[in-house]
Amino acid sequence: MCNKNSKQIIASLNRIAGQVKGVGQMVEDQRYCIDILHQVHAVKAALSKVETQILKSHAACCVEQA
């Protein structure tokens, strides 16, 4: 992975980890199911964005170097 993107990706993953922890807290607090589902959807969207960043980085660096 290109070093220039790794800090940004790590920051995004740390944010996502916080979101997941928040979802767990919502479940423990027995929050409204739809609110929990909205947060799960947000986590999935954030992971998808990170996936896209990693794929772009792979194409730009790894494939180019190969």
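What share of the contacts in the protein chain between residues at least 6 apart in sequence join residues at least 24 apart?

**View 1. The whole chain of a predicted model.** Contact here means heavy atoms within 4.5 Å, and of the contacts between residues at least 6 apart in sequence, 65% join residues at least 24 apart. The secondary structure consists of two helices and zero strands, where helices (H or I, at least four residues) and strands (E, at least two) are DSSP runs numbered from the N terminus. Of the 66 residues in the chain, 17% are buried, a term that stands for under 20% relative accessible area, with exposed meaning over 50% and partly exposed in between (1.4 Å probe, protein chains only). The accessible surface comes to about 5200 Å², and 58% of this area belongs to carbon and sulfur atoms, as computed by the Shrake-Rupley method with a 1.4 Å probe.

**View 2. Ser12 in helix α1.** Helix α1 spans residues 3-28 and includes Ser12, which counts as buried because its relative accessibility is 11%. When neighbours within four places in sequence are set aside, Ser12 is in contact with Val50 and Gln53.

**View 3. Gln30 in the loop between α1 and α2.** The loop that holds Gln30 lies between α1 and α2 (33-65), and Gln30 is exposed because its relative accessible area is 71%. Although Gln30 is not a glycine, it has a positive phi of about 55°. Most residues other than glycine have a negative phi.

**Notes on the views.** Residues are numbered from 1 along each chain as its sequence is written, and side-chain values use heavy atoms, with hydrogens and water left out. In this predicted model, local features need pLDDT of at least 70 and side-chain atom pairs count only at pLDDT 80 or more, whereas totals for chains, interfaces and linings use all residues.
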